[in-house]
Amino acid sequence: MFEKFVFEDPQFFWLLLLLPLALAWYVWKRKRMTAELRISSIKGFEAGSGLMGKFRPVLFILRLLVLTLVITALARPRTVDVSTRTSSTLGIDIVMAIDVSASMLARDLEPNRLEATKKVASEFIKNRPGDRIGLVVYAGESFTKTPITSDKSIVLNSLEDVEYNNVLENGTAIGMGLATSVNRLKDSKAESKVIILLTDGMNNAGFIDPKIASELAVEFGIKTYTIGVGSNGTALSPVAILPNGNFQYGRVPVEIDEDLLREIAKATGGKYFRATNNEKLEEIYEEIDQLEKTEIEEFKFYNYEEKFRPFLLLAGILLLFEILLRFTLFRSFV
């Protein structure tokens, strides 16, 4: 409630320093504020001072409250409602090409390579509010899961649905995945066009050579970041399908064509990364996020509502109440 409450002229609060001075003056002058009678002895006066006389300081307290409320009103309290609107001055169109072959179920990343990739990619998408993003998946062949769009909820839902299945031919068609991504971006009018291609293997399927696909990316001015996913040595990976349909896992050597991925990245002006664990994969996407920044122009709209009137109204009521008490109940004591 109070986080939107501001004071336009807070310098008036310095006047509150006068209140302690007024209090000190009242205490010092208190005995002289009533009439005095000097007599030689007070033995004839049995009763003490009246009850109303003891409540006389209430009038002064009311006066201090009135001054406090007036000073607060002078500081112009008001509430502010801020609304923002952003517009991208330099938009970036991004296509994320993700390998969904059976080897992406390897468990050298937790819980496996594919799920770890989906989690990190999801955070990356959420951090790109000003960009359009598309999604391409590939194994032995490739297809567009989501065309480039500014609706992040569509991309995130599509990413959540990505999983290994036997709809795509098994294998790793890096050239096909890259070519499909280029096809999604070639007609884009964005200032910057980027592909993030992730794989855990070597190009062993598809009818488009990865080098040809990278040349297409260069021709259309598309920068490509490549990511090799997999630990060094061996990894617990699917090696067969059991009669019940589940995978049988075994130790399999991790083979990533890093030379090819480096060549694609270098030719297109991108960069190659190697993710050997979950933490490294997160760092890679964070680095790409920093490398490809979108310039955002933000407009803020402020709606102010003045709140000094209630303070002045309350001050007026208290002042009238103090005057009423002074000339009625406390008339004989003031």
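Let's start with the lining of the second largest pocket. By class, its residues split into eleven nonpolar, eight polar and three charged. Keep in mind that this is a predicted model.

How big is this pocket? The second largest pocket has a volume of about 390 Å³. It is lined by 22 residues. Which of them sit closest to the centre? Those are Ser 101, Ser 103, Thr 172, Asp 200 and Val 252.

Now the secondary structure around the pocket. Two elements give two or more residues to the lining: β8, residues 234–241, and β9, residues 247–253. Which one has the largest share? That is β8, with six residues.

Next topic: a helix pair. Two packed helices are described by the angle between their axes and the distance between the axes. Take helix α4, residues 113–126, and helix α9, residues 278–291. Their axes come within 10 Å. They cross at roughly 25°. Angles under 35 degrees count as roughly parallel, so α4 is roughly parallel to α9. And the hand? α4 passes α9 in a right-handed crossing.

Who makes the contact? From α4, we have Ala 116, Thr 117, Val 120, Ala 121 and Phe 124. From α9, we have Asn 278, Leu 281, Glu 282, Tyr 285, Ile 288 and Asp 289. By class, the contact of α4 with α9 has seven nonpolar residues, two polar and two charged.

To recap. The pocket lining takes its largest share from β8. The helices α4 and α9 run roughly parallel, with a right-handed crossing.

Definitions and conventions: Residues numbered from 1 in each chain as written. Predicted model: local features only at pLDDT ≥ 70, side-chain atom pairs only at ≥ 80, totals over all residues. Heavy atoms only, no water. Axes fitted to C-alpha atoms, helices over the stretch in contact; angles between N-to-C directions. Helix = DSSP H or I, 4+ residues; strand = E, 2+ residues; numbered from the N terminus. Parallel < 35°, antiparallel > 145°, perpendicular 65-115°, else oblique. Left-handed = near helix turned anticlockwise from the far one by under 90°. Contact = heavy atoms within 4.5 Å. Nonpolar A, V, L, I, M, F, W, Y, C, P; charged D, E, K, R; others polar. 1 Å grid on protein atoms, 1.4 Å probe; cavity = no way out; pocket = protein on both sides within 12 Å on 5 of 7 lines; lining within 4 Å. Points joined across faces, edges and corners; volume = space filled by probe spheres on them.
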